[in-house]
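Please keep the sequence and the model open while reading the points.

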Amino acid sequence: MMRVHVPVHLRWGDLDAYNHVNNVELMRLLEEARVRAFWRSGEDEDGVDRGMALIEAEVGADTVTLIARHEVVYLAPIAYRRAPLDVQLWISHLGGASLDVCYDVFGSGEASGDLYARAVSTIVLLDTATNRPRRITDEERLAWSVYLGEPLQLGRSRS
């Protein structure tokens with residue numbers, strides 16, 4: 001299974017009174033990674049694998065995406081750091097008009113062992129002309145199937 005690695009820098013304002021990344025800000029960091037992974041743009045300066053980038057990100061695009069569901073498990077507090085987080089994304093399910101995107105949020109890459117959070121988002125593709133869900137195209141399904149992997153099991157931990 002391939003993962004897309006997206007480096008995401010923290011901002012000082014992401015911290016809360018406890019001096020770690022606030023839970024709401026983590027959702028914004030996941031959004032940043034998701035947008036950079038999935039939405040096509042003319043920019044390719046950040047070195048992110050563009051294999052998932054099939055959705056137009058411009059005003060007037062034929063398709064928009066909606067988040068139908070988020071689930072997050074926070075594993076460790078994230079303190080401010082200058083080095084970017086390594087947000088790793090893969091797809092665990094391709095439905096008719098939706099897909100589940102999984103995330104692992106690492107400190108400095110998988111080898112460091114600093115896994116801060118795991119999450120899943122369900123994305124629905126919406127046709128802007130009809131304002132209704134639209135089917136995943138054959139081109140999208142073929143491109144995204146390279147990133148298909150195991151779903152995260154984020155159920156409640158028992159301790």
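1. In strand 6, H93 has D100 as its bridge partner. Strands are DSSP runs of E with at least two residues, helices runs of H or I with at least four, numbered from the N terminus. This is a predicted model: local features need pLDDT of at least 70 and side-chain atom pairs 80 or more, while totals for chains, interfaces and linings use all residues. Residues are numbered from 1 along each chain, and side-chain values use heavy atoms, without hydrogens and water.

2. Strand 5 and strand 6 (residues 98–106) pair antiparallel over 8 bridges, where pairing takes at least two DSSP bridges. A hairpin of 3 residues joins strand 5 to strand 6.

3. Strand 1 (residues 4–8) also pairs with strand 5 in the antiparallel sense, over 5 bridges. There, V4 has L89 as its bridge partner in strand 5.

4. Strand 5 (residues 85–94) is largely enclosed by the rest of the structure, because 9 of its 10 residues are buried (under 20% relative accessible area, 1.4 Å probe, protein chains only).

5. At the start of helix 1, a side-chain oxygen of N22 comes within 2.8 Å of the backbone nitrogen of V24.

Note on methods. Polar contact = N/O pair within 3.5 Å; in protein donor to acceptor, adjacent residues only side chain to side chain. Buried < 20%, exposed > 50% of the residue type's maximum accessible area, 1.4 Å probe, protein only.
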